[in-house]
Amino acid sequence: MNLLTLLIFTPVLFGLIILVLPSSMRASFKYITLFATLLQLAFSIFIYVNFNADAAHAGISHEAQYQFVQKLPWINLNLGGAGKMQIEYYVGIDGISVTLLVMTALVMVVAAVASWEIKSNLKGFFALFLLLDMAVVGVFCALDFFLFYTFYELMLLPLYFLIGMWGGARREYAAIKFFLYTLFGSVFMLLVMIGLYLSVKDPVTGNHTFNMVQMMDPKNFIDGSVFSILSHQTIMGMPARTVGFVVLFIAFAIKVPVVPLHTWLPDAHVEAPTPVSIILAGVLLKIGGYGIIRICLGIFPDVAHSGAFWLGLLGIISILYGAFNALAQRDLKRMIAYSSVSHMGFVLLGIASQTAEGISGAVLQMVSHGFLSTMLFFLVGVVYSRVHDRDIYHFRGLATLMPRYTVYVMVAFFASLGLPGFSAFVAEAFTLAGAFKSHNINGLLPYWMAVCGSVGILLSAAYFLWTLQRMFFGTISLKGGDFWKGALTDIDWRERLTLLPLAIMALALGIMPSLVLGKINESVLALVQYLQLK
Amino acid sequence: MITLTDFMVVSAVLFCTGLFIIVSKKNAIQILIGIELMLNAAILNLVAFGKYDRVNNSGQIFALFAIILAAATTAVALAIILNVYKQYKTINPDQIKDLKD
Amino acid sequence: MKEAILPQELQTIYLTILIVLLPFAAFILNFLFLNKSKASGWVSTIAILISSIFSIFVFTAIWNGPVIHVQTIWFTIGDSQVHAGLLLNNLSVLMLALVPLVALPVHIYSTAYMKDDAGYGRYFRYLSFFCFSMLALVVVDNLVLFYAFWELVGFASYLLIGFWFDRPAAVQANKKAFIMNRIGDIGLLTAIIIIYTLFGTFDLEKLFGAEGFVTRYSYIENGTWSFYLNHVLHVPVSRGWTVMAPHTVTQIPAIWQYVAFGGIFLGVAAKSAQFPLHTWLPDAMEGPTSVSALIHAATMVAAGVFLLGRVYPMFNTTELNILAAVGCFTAFMAATIALTQTDLKRILAYSTISQLGYMVMAMGIGAYASSLFHLVTHAFFKCLLFLCAGIVIHQIKHVKEDNHLDIDPQDLANMGGLRKKLPVTFVATLIAGLALIGLPLTSGYLSKEGILVQAFEWAELKGGAFMLIPVFASITSWLTAFYVARMILKVFYGDMNLSKLYPNITIHIGDGGWRYQLPLIMLALCSLFPLFSLNPLAHSGWLTGGLPQYGQYTAGLVELMVPVIINVGSIAMLYYAYMAYIKQRDKVAAQPSLLHRISFNEWYIDAFYQRVIVRAVMTFSKALYWFDLKVIDGLVNLFERIARCIAGAAAWFDKYIVDGLLHLAAALVAYIGGIARRFQNGKVQYYLFSMLLAVIVVFILKILIWNS
């Protein structure tokens with residue numbers, strides 16, 4: 001049995017078990033879910049440990065260099081005159097995906113623990129949760145575009161219901177907004193996917209193929225097809241490849257999210273229940289970044305090269321815009337949601353630089369943000385579950401009331417604002433270094449971009465420290481008076497057990513960035529080399 | 001001499017009178033009387049035409065039969081009217097519209 | 001990557017690592033086990049004691065001896081390896097010795113000073129963490145780690161300023177300190193990135209060493225800053241330097257050299273509280289006084305000057321002139337502010353800013369060695385001043401608590417006449433104060449006169465407006481004499497003002513136990529001349545001999561005249577202050593005068609930042625949020641509305657046009673049926689009548705048809 005396949009389908013197996021079990025056993029559902037995610041985490045750690053990080057296993061554009069590959073024919077239809085339809089179940093990982101997998105698995109465990117606070121319709125919740133788990137892991141492993149798309153769309157359905165059924169007051173609005181936003185992106189992605197399918201031929205079988213790795217090789221494109229590099233086809237007066245890139249980019253940019261496609265995020269986060277917020281920020285946003293690296297850059301390197309300036313500009317705008325917006329918030333969760341926009345801007349900036357430093361920084365930032373945003377949203381959930389309020393102005397002096405909680409908040413805040421010793425620092429510093437260096441290496445981004453990006457680091461200090469000062473320090477003063485005072489108990493063992501591994505991961509990645517960089521470096525170098533070849 | 005035509009005229013007058021009574025009167029008993037008149041017009045015709053029949057007195061015999069039958073139907077009709085009255089407290093046919101669709 | 005390390009070098013390396021890690025171990029120990037225990041203070045103190053002993057060993061081993069530079073790969077990113085390592089040269093071991101030597105008395109003092117505080121364990125946890133970061137900062141060998149610890153000391157300072165986190169003023173102050181330091185941090189980060197882009201390495205030795213890339217192989221020409229490597233082949237491979245292909249040239253526009261300088265300057269200005277980023281330091285006095293002594297007077301704030309020392313070869317003449325001007329301006333401005341402050345700690349804070357200004361100015365005029373010398377002497381005497389201030393404030397606070405008064409224990413107005421009550425403190429303050437003024441026989445004289453002399457010589461060479469810098473530096477020196485005199489006179493001389501204000505209070509105060517007095521004595525001894533130079537009238541010491549001098553000086557009359565003039569002026573100021581405050585001969589600067597107001601309100605700089613910059617940023621962010629909510633999300637919602645309108649129209653069409661036709665047909669049938677059903681009105685006579693009519697019609701038709 002292939003490990004990746006096990007990794008992908010373990011959760012859904014347990015999801016089926018939950019569906020079959022009678023509702024009278026609903027108390028056991030959370031344990032089953034936790035067990036499933038822990039099992040998945042064990043698999044992912046095994047994969048991480050056994051992942052071969054040398055140059056011969058760099059992956060990217062070489063099919064043979066992917067690891068833990070499983071390739072099975074899935075849908076094979078003989079279409080007569082139109083050839084044979086070839087869709088494969090094709091999973092495999094390289095350096096770019098392996099660290100994200102481990103991160104996802106850990107975030108899922110935390111989300112599973114966080115969902116213990118869910119009280120209604122447990123069967124539905126946990127079944128959808130595990131389905132979602134399968135889909136996100138599948139996205140990171142899929143190497144067949146059709147399979148990728150299937151998993152990608154499969155994520156939407158459980159998320160829609162998880163937000164729409166277990167969410168806050170405006171949950172329907174948020175769920176529909178989220179759903180339509182992402183659907184808007186992915187519908188057009190479908191068109192490009194079909195265009196690519198029709199443009200690419202498997203050199204071995206001679207059939208059209210959805211194989212993403214083969215799509216990276218210009219030789220596999222049929223002469224005169226829509227997306228062939230040589231044929232210079234146009235769609236509505238624009239070069240077809242540019243259109244394809246832009247469409248795919250928009251699809252992933254919605255996920256990242258990149259300003260101005262970000263407005264679903266604050267609403268979805270604010271309305272979503274804590275575990276879903278965790279998955280949204282921890283994993284879902286990374287799918288956007290991963291998609292841009294793997295698909296936008298991988299399949300359209302030429303367009304990525306010529307459009308790098310715009311990607312970088314969007315990254316900078318996201319960084320600054322998100323940070324300024326975070327500064328203006330008074331809802332704690334919304335503030336963190338905007339800070340996510342800002343931090344994910346670094347990912348885009350790093351990717352746009354197309355330097356080894358930039359892309360490594362971007363991947364590290366994704367992993368780091370995965371842990372940190374999980375932590376942040378979990379921490380918001382702690383206060384919210386106690387008093388059902390998140391307004392920053394309604395609290396003061398929480399440090400006296402909840403000292404342990406405040407320690408974790410400080411860890412999460414300072415790690416997020418890029419304090420050295422935590423993961424975000426290395427990630428952001430090298431993203432900026434890559435962005436600055438880019439002008440000398442490949443001339444893509446102007447120097448000033450990196451300088452503007454660093455202002456984001458300043459602003460992140462401003463909004464996090466302001467929140468700390470306003471909400472946690474000073475003398476106790478709560479809107480809810482003595483009732484709140486009684487309700488706001490310090491975090492219990494379950495919450496501590498959840499937060500501790502995340503804090504440790506953030507610290508470990510800050511002190512030993514090689515935990516991530518060591519695994520991704522060769523792949524990043526291969527990617528950079530591949531991008532330079534165009 | 002009284003000709004067949006005279007009989008026919010009397011019969012037609014009788015018939016028309018009966019018909020008029022049936023259509024216009026607002027009392028079921030009167031309508032029944034109208035029916036009787038029409039019946040008698042028919043019987044009169046029967047007797048009058050009987051003269052030209054090959055069999056002797058067959059018209060009169062049929063007339064007798066018809067008279068008896070008419071008496072029987074009148075009895076039934078009166079019974080129905082009695083029941084209708086019980087049901088509706090009226091015998092004005094305009095107010096009994098249960099035959100409506 | 002490196003040649004075999006000699007055994008004695010290995011020992012030094014291990015000792016250095018121990019020096020750095022001992023406070024860290026104390027931090028971990030306190031963090032994990034000694035959360036509430038009083039033992040935490042002694043754990044931290046013993047750690048720093050051992051560190052200071054070892055640091056003296058390391059100092060003697062390295063000072064004027066071989067440079068030790070060892071490193072190991074930390075992580076690899078792309079093609080570049082980022083190392084972690086130690087760089088021990090004269091500059092770093094000087095700091096390495098200074099930090100624990102200042103920290104040790106502060107630790108001892110703190111065990112007494114903080115003993116009644118609920119957060120005793122937390123305090124020592126933070127303090128050890130600070131010592132670890134600061135020690136690591138001075139020995140690390142590359143810019144990434146330097147930046148990391150640079151920010152970690154800022155973080156420790158953040159924690160300690162906000163130590164009493166339930167006081168709103170303290171948490172406002174620590175937020176301000178961290179954010180202002182962040183401005184400097186991003187400047188430094190930008191500079192590091194620029195340097196990395198050009199030179200491809202973070203290694204301090206490789207970049208700024210004697211044979212460093214910045215020093216030897218880069219130049220600015222025709223608007224580009226080029227790095228040009230074909231000489232590197234001469235460099236011994238054995239020293240761990242990469243050998244690159246000859247003629248490797250990397251270039252970036254020259255403007256970025258200035259940006260890099262600007263970034264470093266911002267970093268220095270933030271950390272060392274130089275104009276325009278100095279306003280956090282006076283507010284940072286909200287922290288415990290012992291913390292102010294260690295972090296905000298002696299060590300962390302000196303890190304900016306240390307950074308200048310580390311990257312000094314990078315600066316060109318223009319940039320050095322800017323440094324000198326800013327340093328001089330800061331020194332002058334802070335001294336004028338210190339003149340009128342009424343809060344004891346604020347006076348000291350502005351005095352620190354002023355002295356740091358001297359150091360930065362000294363760096364700017366090329367007096368590299370004197371600048372660092374002043375850093376060292378200043379660390380001792382300013383730390384001492386703060387500790388003394390701490391005792392004074394502590395005692396006043398006791399009086400306040402004993403008698404339930406509502407007074408500010410830091411206000412000069414509540415002091416006076418403490419000379420007899422606190423003799424040890426008084427003597428220590430006096431020594432430190434004289435050192436701060438720079439009178440002979442103190443360490444301050446040695447370092448400060450060196451700077452002033454060189455400033456005059458430097459300006460003499462340059463001529464013109466450059467003369468303003470030494471002139472203002474001299475004025476600052478006299479102002480220093482005045483505010484120190486004012487402070488000491490107001491605190492220790494005259495009568496106890498509190499007894500005058502509240503005649504029936506009881507005052508039981510004293511110098512405190514050995515844990516108060518020992519640190520004072522240690523530091524007071526270090527503030528006198530013998531530690532640094534046997535000649536009390538020299539304006540240099542053995543320290544300056546071990547550090548490079550970059551300026552060119554003409555030894556001459558200046559060397560004789562400057563100290564004399566400065567000291568005569570200072571003494572005159574002391575006399576004037578004595579006359580003004582004790583003999584009440586002269587009213588000093590009438591209270592409501594404009595100058596007094598400017599000085600008292602700290603030149604309105606902080607108010608300007610609060611009212612203009614902070615407000616502008618907040619307004620801007622609110623405006624952006626409005627934009628986000630109304631415009632971007634508004635667009636999304638507009639799309640939604642448009643889609644809804646279209647959908648509404650479609651629904652209307654569907655309902656009234658498409659469905660309408662169907663309904664019309666149905667209605668037609670129903671209408672016709674309605675007409676037909678009128679016949680079925682249930683009236684027997686009507687049925688009969690219609691039957692009759694039908695029969696008649698049939699007959700009429702029959703007749704008509706037959707007849708036609």
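Which residues of chain B does the UniProt annotation "transmembrane region" cover? According to that unreviewed entry, the annotation covers residues 6-24, 31-49 and 61-85 of chain B; UniProt positions follow the numbering used here, feature names are shortened, and annotations may be inferred rather than shown by experiment. The model is predicted, so that local features need pLDDT of at least 70 and side-chain atom pairs pLDDT 80 or more, whereas totals for chains, interfaces and linings use all residues. Residues are numbered from 1 along each chain as its sequence is written, chains are lettered from A in the order in which they are written, and side-chain values use heavy atoms, without hydrogens and water.

Residues 31-49 of chain B are 100% helix and 0% strand, with end C-alpha atoms 27 Å apart. For residues 61-85 of chain B, also 100% helix and 0% strand, the corresponding separation is 36 Å. Helices (H or I, at least four residues) and strands (E, at least two) are DSSP runs, numbered from the N terminus.

Contact (heavy atoms within 4.5 Å) is absent between chain A and chain B, whose closest C-alpha atoms lie 52 Å apart. Of the 2 pairs of chains in contact, chains A and C share the most contacts. Here 61 residues of chain A touch 53 residues of chain C. Between these chains there is 1 salt bridge (a side-chain nitrogen of Lys or Arg within 4 Å of a carboxyl oxygen of Asp or Glu). A:Lys177 forms a salt bridge with C:Asp633, the closest N and O atoms being 2.7 Å apart. Helix 18 (residues 447-472) of chain A supplies 14 residues, the largest share of the side of chain A that touches chain C.
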